[in-house]
Amino acid sequence: MDINLQMRSVDLMVKFLKHDLKDVPSYGYALQKQPALPAPVLEPLPRSTPERMGMSSAAMERLFRELSAQPASLGLHACMVLRHGHVIAEGYWSPYKADVPNMLFSMSKSVVGTAVGIAIDEGVLTLDERVVDVFSDIVTPAMQKQHKTLTVRHLLTMSSGNRFNEVGSVLDDSWLRMFLESVPKFEPGSAFEYNSLNTYVLAAILRRKTGLTLTEYLAPRLYAPLGITRYDWEVCPQSVEKGGWGLSLTLEDCAKLGQLYLNKGEWKGKRIVSREWVEMATAKQIETPNGESKDGYGFQIWMNGRDAYQFNGAFGQYVIVLPALDAVVTIFSGSPQLFAEGSIMELLRASFWVAEDAPLQDDPVLRERLCAYTASLHFAPVLPAGFSEASDPAVYHKILGLLDGREYRLESNTGGLFPQSLQAVHGNFTLGMDMVRFFREGDALCMDLYEGYQRNTLRAMPDYMPGRAYLRGEEQLVGARLFWKLEEDGDIRLFVVACFIETPFTRMIQFDISGNAIRLTFHESPTVAESTNMLLQLIGYSPTAYIKRMAAATKRIPGMSEETITDTILHLTLPVAEGGLIEAQ
């Protein structure tokens, strides 16, 4: 199986290089995302002033200002700070919103871990239960031999040693069978190796043991008691929740989960999960390599130094719990960092240096300054040379008049409105943008962007405008903003920022219009290279070694020289589309 999987991995790489994406995933595209809807907050967390919770409004304002001053590549989207169970500060960088669920990626694992804890409390499951016993009806003699010692505990601590990982999940429609067929790298429990399919198998075990989907199981046991109203979870081809990723929750919902653990499993006087489980889950159960986290791993939870632990999701989705300070900090972002560490943790700890157990004297002036600042936050992308947030409005209105009604046909390309990383996550790929039409709607510059039979309309102004984007049935909320420049020779340059606000991803498209010619350059944040490096780090590959291996394999294919591969990768990671004006008939 493992050799077969490697061969299919190479075949997948070749399909990407040739932009032959009709059969990716290999078992066919299936819509994953539910329609974009807000999540009503029926039971919000209690709010308070920082001072009543022993904090200074000035310290909170300084935290948010310093978060905003972080490099734009960290892409802060939202932050909420809790102390003593109360929200004392929160901010959303426009166009990101409080009531919009966000893709959590691997933060989903901590929710699966919670479900396992509840099941163990109920006597449905045990830590030392063997996986082969749970699935005895489908386990072959070979699987029995390979996984005879593999238990629920090993899956929780990422110590199964299984070779079948996130990359393999797009290569076969039976993830459980592929997991059980895979020969382990090492004896279960003897080492740590991060693998999201460990968590998927936990989701499959819960379904087998309870007779319920993971969502059905958690709805009355976790979501309802905490007042969580929207909890979409993507599923595998066999309709089992992906487990290791695929859950979407709001920032406040995630903060509630952190507070639940800080409360040792209790919520409003009701026991949700046992204290014993919380203490085991948030204690170091296994050592981890320094490259991933030097502080260890619990049960689907990362240790974060001596005084903290965190639920962690790729691209900057963090719930950081600080028990000694009785505090929880939740952050959504579009960051290439795997963990909330370095400057972010330094800022958080610095903000709590002045924390007191007793309330501080109320300061309405400082509190008003904090509220005014957090209300003014907006997402600021990295702008190319020549663009500025202070662009001349008169020039903008002149550009509106010049572009109104123009249509451009584009040559074959690989660029699309959806960020490439988002396309890859959902296995939903564009075949390239083929036409652009500009028109004016009031003071907004509107763009009809055509990708085959799909048309998306972006409305953009000097501030973010709400909209929706579609690709093969998938619907995403976006906030679009326009930056502009009119050159002395009459050339028009536009930079459109489209924040996919339910995700960590942002698409930026640069339009260079000269006479009847147009050129589109498709950027995104995090970049494709950053996203790829993060995935390879997560599954334990050296990015350089992996690329060399794939390049060596593709050299055997006619027309795929090393130079061709390098050139193709460049076009895939930074697509460009060129075209010309469609003359009025």
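On a 1 Å grid over the protein atoms alone, a cavity is a set of points where a 1.4 Å probe fits but cannot get out. Grid points are joined across faces, edges and corners, and a volume is the space filled by probe spheres set on the points. The model is predicted: local features need pLDDT of at least 70, side-chain atom pairs count only at pLDDT 80 or more, and totals for chains, interfaces and linings use all residues. Residues are numbered from 1 along each chain as its sequence is written, and side-chain values use heavy atoms, without hydrogens and water.

**Exercise 1.** State how many cavities of 30 Å³ or more the structure holds, and characterise the largest cavity.

*Solution.* Step 1: there are 6 cavities of 30 Å³ or more. Step 2: the largest cavity has a volume of about 80 Å³. Step 3: its lining (residues with an atom within 4 Å of a point) includes His77, Tyr92, Lys97 and Phe332. Step 4: by class, this lining has 7 nonpolar, 2 polar and 1 charged residues; Ala, Val, Leu, Ile, Met, Phe, Trp, Tyr, Cys and Pro count as nonpolar, Asp, Glu, Lys and Arg as charged, and the others, Gly among them, as polar.

**Exercise 2.** Identify how strand 13 and strand 14 pair.

*Solution.* Step 1: strands are DSSP runs (E, at least two residues), numbered from the N terminus, and two of them pair if DSSP finds at least two bridges between them. Step 2: strand 13 (residues 444–451) and strand 14 (residues 454–460) are antiparallel over 7 bridges. Step 3: tyrosine 450 has arginine 455 of strand 14 as its bridge partner. Step 4: the hairpin has 2 residues between the strands, and glycine 452 takes a positive phi near 65°.

Conventions:
On a 1 Å grid over the protein atoms alone, a cavity is a set of points where a 1.4 Å probe fits but cannot get out, and a pocket is an open set with protein on both sides within 12 Å along at least five of seven lines; lining residues have an atom within 4 Å of a point. Helices (H or I, at least four residues) and strands (E, at least two) are DSSP runs, numbered from the N terminus.
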